[in-house]
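Here are some notes for your first look at this model. Keep the sequence and the 3D view open as you read.

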Amino acid sequence: MTGIIQARGQKVAVATRASAARRPATIRAGRRGGSHWWIHVVLGVGGFVMAFPFLWQIIMSLSTNAQVQSVTPVFWPGELQWQNFAAVFERLPFLSQLGTSVYVTIIRTIAQIILCTLAGYAFARMRFRGRALLLGIVLSILLVPSQVYLISQYQIVQGLGWLDTLAGIVAPGLFSAFGTFLMRTAFLNLPPELEEAARMDGANPFQVFWRIMLPLARPSISVLAITTVLWSWNELLWPLVVSTRAEDMPLAAGLATLSSDRTIDYPVLMAASLMAMAPVLIMFVVLQRRVIDGLASSGLK
């Protein structure tokens, strides 16, 4: 009888210890589940802070200049000033500048994809004399600010007679050291066995590049295309230097002409900025999945 009581006592003690061991885990799990709302609050506040400048730009584009410049911020203009968007076409040759921006962006993007992928593949996979020296010269461009060789670029374009032309705006952006470095890294990360197998099947170097390596480097090509589009669309300094007529400027440079030393019509400027960013914003919404996948696969931040 005594043994039965002791056995039951031992079972009760074991069950008590097991329940005590499970209790902290349950409490911790409950605490973790209850703390999830803090994460949503923090993410919501962060998202609002990041989106607030864009929302404020929309409000300014629908306000009067007096409301924008008032000391007390006006968070809602009351009567919406839609005529600010119509005034953009009166103050700027907007359609002409939009066409210039589209042409410059498309030409530069196509040229960089072709030239940078070829150069990146040559530096990554081919062996030739002076490769390390030439690669060092190309990569050294990344260490020099673009303003340093601005005057020499201007003199070259002037000597070619390309001032106030589309060719003068496009020419310096047809090739980039960043794109070459990006594509070289992409081709270096591909397994060399694929290239060796293609050569054993009788493929020449261009066939290996075009049919084997280039399709596998599509994520990095997407990153190169995205960065080139954003950089070309938003470039300001070089178009202002090489173009003097408003009709020949892209949108980024044309928006700068709306600001003067005396007065600035902020609502019209904000309306023009919204209209200028609309094509890129639409492109991002349509290609959002491809943009995110390309940036994630390349490791670019």
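Predicted model: local features only at pLDDT ≥ 70, side-chain atom pairs only at ≥ 80, totals over all residues.

1. Now the salt bridges. The structure holds 5 of them.

2. Take arginine 125 and glutamate 195. They form a salt bridge, and their closest N and O atoms are 3.7 Å apart. The pair counts because the cut-off is 4 Å between a side-chain nitrogen of Lys or Arg and a carboxyl oxygen of Asp or Glu. This bridge links distant parts of the chain. Arginine 125 sits in helix α5 (residues 94-125), while glutamate 195 sits in helix α10 (residues 192-200). The two are 70 residues apart.

3. Are these two partners buried or exposed? Arginine 125 has a relative accessible area of 13%, so it is buried. Glutamate 195 is buried as well, at 6%. Buried means under 20% here.

4. Glutamate 195 has another partner. Arginine 199 forms a salt bridge with glutamate 195, with the closest N and O atoms 2.9 Å apart. Both residues lie in helix α10. They are 4 residues apart, about one turn of the helix. Arginine 199 counts as partly exposed because its relative accessibility is 46%.

5. Look next at arginine 245 and aspartate 248. Their salt bridge has its closest N and O atoms 2.6 Å apart. Arginine 245 is partly exposed, at 44% relative accessible area. Aspartate 248 is buried, at 18%.

6. Which residues do shared partners join into one network? They are Arg125, Glu195 and Arg199. Find Glu195 in the 3D view to trace this: Glu195 bridges to Arg125 and to Arg199.

7. Finally, check threonine 228. Its place is in helix α12 (residues 218-234). Threonine 228 is buried because its relative accessible area is 4%, and the limit for buried is under 20%. What does threonine 228 touch? Its contacts are Arg108, Thr109 and Gln112, leaving aside residues up to four places away in sequence.

Methods: Residues numbered from 1 in each chain as written. Heavy atoms only, no water. Buried < 20%, exposed > 50% of the residue type's maximum accessible area, 1.4 Å probe, protein only. Contact = heavy atoms within 4.5 Å.
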